[in-house]
Amino acid sequence: MGGILVIGSYNRDTVLRLARFPAPGETLTALGMAEFHGGKGSNQAVAAARAGGRVALIAAIGDDAPGKAAQVLWAAEGIAAQAVQITEAPTGAATILLDAAGENQIIIVAGANAALALPPGFTPPGDIAVALAQLETPQAATAALFRASTGARRILNVAPAAPITPELLAATDMLVLNETEAAILAQREAEAADLAIALAAETMRDVIVTAGAAGAFWARPDGVVIDATPPRVTVVDTTGAGDAFLGAFAASSAEGFTPEKTLRLAVTAGALACSQEGAVPSLPYRAAIMAPGGE
């Protein structure tokens, strides 16, 4: 199995549980509050490690308590974090509103994430099979890493949705988005499969669009589409579902599974992550991911 190199964010998440989301100008009393590790980069690195991947992480944190807690997390998960940068800015933070249906709204303070840059002279290990990134950190750093990772499958999670620089797109092999992000990027509403096909043709890249309980659709530029449907679960919290999907996808891809099996295991991981509150606590382990649909 090849290695997985993740570049991305770490945030300290504060989750507020609500009966419903507030209207503009409205004040509500939270039903509860909890703090968790978060940030798409860190979450996806943890998810990939739990799915069986050999993972290294490039991130930026502050010299503060949340940053030190992040280092403890990565060590416990077996993630190589030698390339993580300690900055003068505070560690990133996120406030997550969670309603009774398990849906969420998220507000992020970038903090140290905004200062992330590729370390001078950094060279990816030669056995990297997958390079994985998101858009919570500067695109210039991701583009530089992807350019240096030509032997790997370079996967960009277009989250949060934002225009992709030409430099980053040119160095990317695959885009992964949810339905909302895909509609923003395509500038139109459509079914998930149709969005995947349209974006693949437009970008000339493989595109995966995830669609919650409807599963995920993987479109190639030539119009070929494969899809996978997740197992049924009781939804408690959708936070982290996309990160679980990406981590399991990266691990399965690095292991050399077929596209069909890789996609199936990824949607299974995403579904399992919805059955528990919090991003990192909900990220499933390899045994659970493999049990419903593995071989």
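The legends below describe close-up views of a predicted model.

View 1. Helix 2 spans residues 65-76, twelve residues in all, and extends 17 Å from its first C-alpha to its last, close to the 16 Å expected at 1.5 Å a residue. Gly67, Ala70, Leu73 and Trp74 of this helix are buried. These four residues lie on the same side of helix 2, because they cover an arc of only 110° around the axis. An α-helix has 3.6 residues a turn, so residues three or four places apart point the same way. Ala65, Val72, Ala75 and Ala76, on the other side of helix 2, are exposed. The cover over the buried residues includes strand 3 (32-38), helix 1 (40-50), strand 4 (55-58), strand 5 (60-62) and helix 9 (279-282).

**View 2. The ends of helix 2.** The N-terminal end of helix 2 is capped by Asp64, a side-chain oxygen of which lies 2.9 Å from the backbone nitrogen of Gly67. Just after helix 2, Gly78 adopts a positive phi of about 75°.

**View 3. The aromatic pair of Tyr10 and Trp74.** Three aromatic pairs are present in the structure. The ring centres of Tyr10 and Trp74 are 5.8 Å apart and the ring planes stand at 85°, so this pair is edge-to-face. Tyr10 belongs to the loop between strand 1 (3-7) and strand 2 (11-17), whereas Trp74 belongs to helix 2, so the pair ties together parts that are 64 residues apart in sequence. Tyr10 and Trp74 are both buried.

**View 4. The largest nonpolar core and Phe245.** The largest nonpolar core comprises 46 residues, and those with the most contacts inside it are Ile4, Trp74, Ile208 and Phe245. Helix 7 (residues 241-254) gives the most to this core, contributing eight residues. With neighbours within four places in sequence left aside, Phe245 is in contact with Val176, Ile208, Thr210, Ala216, Leu263, Ala266, Val267 and Gly270. A second, separate core has 36 residues, among them Ile128, Leu135, Leu177 and Ala192. In soluble globular proteins, nonpolar side chains tend to be buried together.

View 5. Helix 7 is mostly covered, with 13 of its 14 residues buried. Ring pairs join Trp218, Phe245 and Phe249 into a cluster. Just after helix 7, Gly256 has a positive phi of about 90°.

View 6. Arg50 is located in helix 1. This arginine counts as buried, because its relative accessibility is 10% and the cut-off for buried is under 20%. The side chains of Arg50 and Glu77 are joined by a polar contact of 2.7 Å. The Arg50 side chain also reaches the backbone oxygen of Val280, at 2.8 Å. Residues up to four places away in sequence not being counted, Arg50 touches Glu77, Val280, Pro281, Leu283, Pro284, Tyr285 and Arg286.

View 7. Val236 occupies the loop between strand 14 (225-228) and helix 7. With a relative accessible area of 37%, Val236 is partly exposed. The C-alpha atoms of Val236 and Ala100 are separated by 8.2 Å, although these residues are 136 residues apart along the chain. Not counting residues up to four places away in sequence, Val236 touches Leu98, Gly102, Cys274, Ser275, Gln276 and Glu277.

View 8. Most residues other than glycine have a negative phi, and most peptide bonds are trans. The peptide bond from Ala159 to Pro160 is cis, with omega near -5°; Pro160 is placed in the loop between strand 10 (153-157) and helix 4 (166-170). Gln187, although not a glycine, has a positive phi of about 60°. Gln187 lies in the loop between helix 5 (179-186) and helix 6 (192-203) and is exposed, with a relative accessible area of 73%. Met204, likewise not a glycine, has a positive phi of about 60°. The loop between helix 6 and strand 12 (206-210) contains Met204, which counts as exposed at 52% relative accessibility.

Note on methods: Residues are numbered from 1 along each chain as its sequence is written. This is a predicted model: local features need pLDDT of at least 70, side-chain atom pairs count only at pLDDT 80 or more; totals for chains, interfaces and linings use all residues. Side-chain values use heavy atoms; hydrogens and water are left out. Helices (H or I, at least four residues) and strands (E, at least two) are DSSP runs, numbered from the N terminus. The expected span of a helix is 1.5 Å times one less than its number of residues. Buried means under 20% relative accessible area, exposed over 50%, partly exposed in between (1.4 Å probe, protein chains only). The arc is that of the directions from the helix axis to the C-beta atoms. Contact means heavy atoms within 4.5 Å. A polar contact is a pair of N or O atoms within 3.5 Å; within protein, one must be able to donate a hydrogen and the other to accept it, and residues adjacent in sequence count only if both atoms are side-chain atoms. A nonpolar core is a set of buried Ala, Val, Leu, Ile, Met, Phe, Trp, Tyr and Cys residues joined through side-chain atoms within 4.5 Å. Rings of Phe, Tyr and Trp (its six-membered ring) pair if their centres lie within 6.5 Å; planes under 30 degrees apart count as stacked, over 60 as edge-to-face and the rest as tilted.
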